[in-house]
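Please look at the chain below before reading on. The questions and answers after it go through its parts one at a time.

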Amino acid sequence: MKRIYLTIFLCCILLSSCNNLKTGNKNVPITQIEWDNITERVTLEAIKLPTLCNIENMAALDSFILLENRLMEPCFVLWDRVNSEKFFSFGEEGNGPEDFLPTAMLVQSTEKNNFRIWNGNSIRKYQYKGDSLTFDTQKLDCPYVGFYQRFFAINDTLYCGYKASPHETGIHLLNINTGKSYDSITVNEGYFDNKIMPYDLTFQVQQDKLVVGRIRFNQIEVYQIDREKNKFNSLFTINYKGDSPENPITDGACYMKSINTDNNF
């Protein structure tokens, strides 16, 4: 009788091991864990994505994430947020008609499923729809918008731009087509004008509001963007622990790297 039980037990083990081998070959990613029924540690399997190393910039839109990587070609990856296996790679640096200059940069905006890339004397307006990625080119009268590190498109011509030049650091409200600056929040000192702490700025646009952060001086300023008069109207300023560019604190500082905003916060 013992031999019969032992034989049945061994058969069960063999059947169980065969089942494990079969399910192991399926290689199905785990997306949900039933904690009440679990009897052993489970390791989630990563979903395979396009190459994501050395990401320099990223923009998240409604249906996709746009990644920029200048160390690879193509240097842009558009990754679908719904279907992780669906993505487009595009863009190479060079002097060809569809190539990007080394100074090309992503332009932030509030457009859904559309994005822009500033490329020297033109701006490419991309549209992602269905399974296709198309773009139109907006030629600029101004051949080069110098010293700007980052742009936010309010509309086709009105932009906010962060400028860091040898003798000025600030946020400008400008006409991207002509390069003319209508208004600005600036300091008349360059990025490294004999300063221990350079005047780093960060900004974000939320509807008709401009939020500016003075990175190393614990100060946040909020402005209303007047699109009719093309100017910034100051609304309020927040100083952490009474800190300011004129009276910086050294102990307990809370430096900011970037700002994200929504309608409430």
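Q: Which residue does lysine 209 meet in a salt bridge?
A: This is a predicted model, in which local features need pLDDT of at least 70 and side-chain atom pairs count only at pLDDT 80 or more, while totals for chains, interfaces and linings use all residues. Residues are numbered from 1 along each chain as its sequence is written, and side-chain values use heavy atoms, with hydrogens and water left out. A salt bridge is a side-chain nitrogen of Lys or Arg within 4 Å of a carboxyl oxygen of Asp or Glu. At 2.9 Å from N to O, the side chain of lysine 209 meets that of aspartate 208.

Q: Is lysine 209 buried, partly exposed or exposed?
A: Buried means under 20% relative accessible area, exposed means over 50%, and partly exposed is in between (1.4 Å probe, protein chains only). Aspartate 208, with 27%, is partly exposed. Lysine 209 has 31% relative accessibility, so this residue counts as partly exposed.

Q: How many salt bridges are counted by this rule?
A: Side chains of opposite charge can pair when their charged atoms come close. The pair of lysine 209 and aspartate 208 is a salt bridge, and so is the pair of aspartate 156 and arginine 116. By the rule, the count comes to four.

Q: How many residues apart in sequence are the parts that aspartate 156 and arginine 116 tie together?
A: The side chains of these two residues meet at 3.0 Å, N to O. Helices (H or I, at least four residues) and strands (E, at least two) are DSSP runs, numbered from the N terminus. Because aspartate 156 lies in the loop between β9 (148-153) and β10, and arginine 116 in strand β6 (residues 114-118), the parts tied together are 40 residues apart.

Q: Which residues do salt bridges that share partners join into one network?
A: Aspartate 156 also forms a salt bridge with lysine 125, the closest N and O atoms being 3.1 Å apart. Lysine 125 is in strand β7 (residues 122-129), 31 residues from aspartate 156. The shared partners join Arg116, Lys125 and Asp156.

Q: How many residues make up the second, separate core?
A: Phe203, one of the residues of the largest core, touches Arg150, Phe152, Cys160, Tyr162, Ile171, Leu210, Val211 and Val212, not counting residues up to four places away in sequence; contact means heavy atoms within 4.5 Å. The second core is separate and includes Phe90, Phe100, Leu106 and Ile117. Its number of residues is 14.

Q: How many disulfides does a search of the whole structure find?
A: A disulfide is a pair of cysteine sulfur atoms within 2.5 Å. Cysteine 75 is buried, with a relative accessible area of 1%, and cysteine 160 is buried too, with 0%. The search finds zero.

Q: What is the distance between the C-alpha atoms of glutamine 206 and threonine 261?
A: Glutamine 206 lies in strand β13. Not counting residues up to four places away in sequence, glutamine 206 touches Thr261, Asp262 and Asn263. Although glutamine 206 and threonine 261 are 55 residues apart along the chain, their C-alpha atoms are separated by 6.4 Å.

Q: What value is phi of glutamine 207 near?
A: Glutamine 207 lies in the loop between β13 and β14. At 51% relative accessibility, this residue counts as exposed. Its phi is positive, in a residue other than glycine, and is near 55°.

Methods:
A nonpolar core is a set of buried Ala, Val, Leu, Ile, Met, Phe, Trp, Tyr and Cys residues joined through side-chain atoms within 4.5 Å.
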